[in-house]
Amino acid sequence: AQLENGDMIQVVTYRPRTMNEQTAELPPVSPRLLEQRRLWLAGCQTQSARTGLLAFFERHGGLPKEDGENAAAVEQPAGPSQFVPSAESLELVIRSSLVANPENPTCRLVVRCIDKDGLLADVARVIAERSFSVVKYSGGPLAVPSGESAPPLDAPRWFEMSYDIALPRCNPTDAAGVRDAVERVSNLAEALDALQFVAWFSFQ
């Protein structure tokens with residue numbers, strides 16, 4: 001879908017919180033982040049993406065082992081996952097939806113995962129357990145970029161799901177109502193972040 005004037009999006013980027021530019025010393029990263037990057041490396045389909053991921057691991061002590069033990073000791077930093085949006089970001093998404101469609105406000109949840117049996121059921125269960133209704137769904141395997149060769153048959157396959165989920169109706173100026181909606185969506189984000197097969201997600 002093409003962006004139109006006035007559309008609001010969320011851009012997720014990663015950079016270590018601190019860096020000594022003179023000595024290139026990087027702070028430790030979490031085991032979860034290393035494991036997510038390992039899954040990305042297994043599924044990436046371009047040489048430039050693979051080169052960038054290998055450079056990331058080189059800076060952070062090497063590839064983690066597949067049994068979950070890291071090749072280098074790392075520490076778990078305080079704070080939420082980089083994929084869980086801030087309350088401010090969610091409030092912006094929710095308020096814009098309430099203004100655009102006050103009678104039936106929705107937000108779009110996009111989830112990217114390594115394909116596996118039961119994938120759709122697992123994500124749908126998490127959404128339903130948080131009392132959200134799905135208004136519209138689309139999804140399928142991520143296509144190979146134009147000009148790139150197909151990955152080996154035994155390589156992990158990537159799957160993307162897009163859900164339009166109904167938000168609680170309230171006036172966008174109702175601070176308590178918006179705050180309640182933000183809390184509910186934040187709880188959903190934390191539940192999605194806990195799913196090990198989820199590589200990335202975003203609320204739009």
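**Notes on a predicted model**

1. Leu120, Val134 and Tyr137 make a nonpolar patch of about 240 Å². Keep in mind that this is a predicted model.

2. Take one member of that patch, Leu120. Leu120 belongs to helix α4, which covers residues 119–129. Is Leu120 buried, exposed or partly exposed? Its relative accessibility is 40%, so Leu120 counts as partly exposed. The cut-offs behind this are under 20% for buried and over 50% for exposed.

3. Now turn to helix α3, residues 87–100. The helix has 14 residues, and at 1.5 Å a residue they should span 20 Å.

4. Which residues of α3 are buried? They are Leu90, Val93, Ile94, Ser97 and Leu98. Viewed down the axis of α3, the buried residues fall within an arc of 130°, so they line one face of the helix. Glu88, Val99 and Ala100 are exposed, on the other side of α3.

5. Next, the strands. Strand β1 (residues 106–114) runs antiparallel to strand β3 (residues 158–166). How many bridges join β1 to β3? There are nine.

6. Look for Val111, which stands opposite Phe201 in β4.

Notes:
Residues are numbered from 1 along each chain as its sequence is written. This is a predicted model: local features need pLDDT of at least 70, side-chain atom pairs count only at pLDDT 80 or more; totals for chains, interfaces and linings use all residues. Side-chain values use heavy atoms; hydrogens and water are left out. Patches are made of residues with over 30% relative accessible area and no salt bridge: like charges are joined within 9 Å, nonpolar side chains (Val, Leu, Ile, Met, Phe, Trp, Tyr) within 5 Å. Accessible areas come from the Shrake-Rupley method with a 1.4 Å probe; for residues, only the protein chains shown count as cover. A salt bridge is a side-chain nitrogen of Lys or Arg within 4 Å of a carboxyl oxygen of Asp or Glu. Helices (H or I, at least four residues) and strands (E, at least two) are DSSP runs, numbered from the N terminus. Buried means under 20% relative accessible area, exposed over 50%, partly exposed in between (1.4 Å probe, protein chains only). Two strands pair if DSSP finds at least two bridges between them. The expected span of a helix is 1.5 Å times one less than its number of residues. The arc is that of the directions from the helix axis to the C-beta atoms.
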